[in-house]
Amino acid sequence: MTGHAIEEVRLTAFKSFRGAVLPLAPLTVLIGRNSSGKSNALDGLEVLSRLARGDDISEAIDSRRSAAGPVRGGLSGCVPHGSDRFSLGCTVTTERGPVTLDVTIQVEPGVRIIEERITGPTPGGIRPLLTSGDVTPLRPDIHASWHNGKPGRNPRALFRGTRLLTSQLPLRLSGDSEGERDTGWAAESLLTALTGAFHLDPVPHLMRQYVQARDSRLRRTAENLSAAIGDIKRHDQETFTNLVGLLRGLADHDIERLVVTRSELGDVMLALDEGPLGLTPAREMSDGMLRFLAVTTSLLTGGEGLDLGPVPDAGSERSLTLVIEELENGLHPSQATEVLRLVREAAAESATRVLITTHSPALLSALSGDDHQGVIVCSRDRSTGASLLTRLTELDGYASAMGSGPLGDVVTHGRLAREDRGERDYSEFDRLLGIG
């Protein structure tokens, strides 16, 4: 099986969204004013990714025991105001055609799936492959039927309503018909793509400690960055050399080597060899330097170097969807544009998809015209308060605005080509981009 990519996330009724769709390109840049809903959109993907791992819903979203912690706002925060449930969905691109998942989860009075559906390709065309039915009133179970391609009714059984039904489906299938094999393949495609979503949230102060050398798959917070880079140095010299070269281009002083020091117990910590200045260990590196190393390490190694957990289907190749909020945090503008170059290369050269948010004018100005197809503007509907997602290129005024200068300048200064506007009102374009 080849790697399958998430094509879109449907925020059907989730947090501040109603019926919104987040399309994902190889490089997706989510922009918008503060409190417009950007983080809520990312949380939608995060929730789907966690549910795809097969944990109970409450454990997946509310747990404080995992390294990632609870999703922002927890389960109750996922529910739109005035409701007792939330709904999400996604579409995954495959070589056979699109596979879709839609799920509705009730939070009160009890947490349970109340509706779930998979559609996907079969020899007879796109059709429903999993359809939920009645919930049981006294137990958190739900009936569901699945496509088996045989004459007569599809098989039907009780599923645990406290877990994503899609994650339970492969174990229910006997695989004794082409239809069941199609159904199992579609479920595995969804699970593999969703568990390949990785939210990188580097926390510099956690990267300044010694860590066990064998803890080498980079975690969400990048707290084990030293071990991850140490593993690259041992097993992939070409990638390590590339990483050091990027680091030298970042610093305004000479860096002779990037070394991995060891404690008496065998734990490791990164250090910079700055020649006459000696070694600078990770505990003394700047936040920007550590964050840059975490982001570039994730981009250079892809899914192979990240702590994504087990692959749902051992025979599949998992595509990476890397999510980074506020890419420019802690970075000089020149460093941010260098990271953007790496993001673009990773998206072009591998199956990696990258989803970032940013407020950086320098980073926005570094986007090419082709990149603009993946820029999504998040805003609020003035009448309802709901969050909206709109492609930048579909906004009224886009062409005229881009004729006046780079996107970063447009957003920061509102330098629009007013002489080209005629009598049209572009105030909405200005508002959505935070101009004026």
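In what order do the strands of the open sheet of 3 strands stand, and with which pairing? The order is E11-E12-E13, and the pairing is antiparallel, where strands are taken as DSSP runs (E, at least two residues) numbered from the N terminus, as are helices (H or I, at least four), and two strands pair if DSSP finds at least two bridges between them. The model is a predicted one, in which local features need pLDDT of at least 70 and side-chain atom pairs count only at pLDDT 80 or more, whereas totals for chains, interfaces and linings use all residues. Residues are numbered from 1 along each chain as its sequence is written, and side-chain values use heavy atoms, with hydrogens and water left out.

Strand E11 (257-262) and strand E13 (279-281) stand at the edges of the sheet with a single partner strand each, so that one side of each has no neighbour in the sheet. Strand E12 (residues 268-273) is joined to E13 in the antiparallel sense over 3 bridges, and Thr 280 in E13 is the bridge partner of Leu 272. Helix H7 (residues 237-250) lies across E11 and E12 and runs at about 115° to E11, with axes fitted to C-alpha atoms, for helices over the stretch in contact, and angles from 0 to 180 degrees between N-to-C directions.

The largest nonpolar core has 60 residues, and those with the most contacts inside it are Leu 225, Leu 247, Leu 258 and Leu 293; such a core is a set of buried Ala, Val, Leu, Ile, Met, Phe, Trp, Tyr and Cys residues joined through side-chain atoms within 4.5 Å, buried meaning under 20% relative accessible area (1.4 Å probe, protein chains only). Helix H8 (residues 287-301) gives the most to this core, with 7 residues. Apart from this core lies another, of 58 residues, among them Leu 42, Val 47, Val 71 and Leu 169.

By the rule that rings of Phe, Tyr and Trp (its six-membered ring) pair if their centres lie within 6.5 Å, with planes under 30 degrees apart counted as stacked, over 60 as edge-to-face and the rest as tilted, the count comes to 2 aromatic pairs. The rings of Phe 14 and Phe 86 have centres 5.8 Å apart and planes at 70°, so this pair is edge-to-face. Phe 14 lies in strand E1 (residues 5-14) and Phe 86 in strand E4 (residues 85-93), so the pair ties together parts that are 72 residues apart in sequence.

Key: Buried means under 20% relative accessible area, exposed over 50%, partly exposed in between (1.4 Å probe, protein chains only). Contact means heavy atoms within 4.5 Å.
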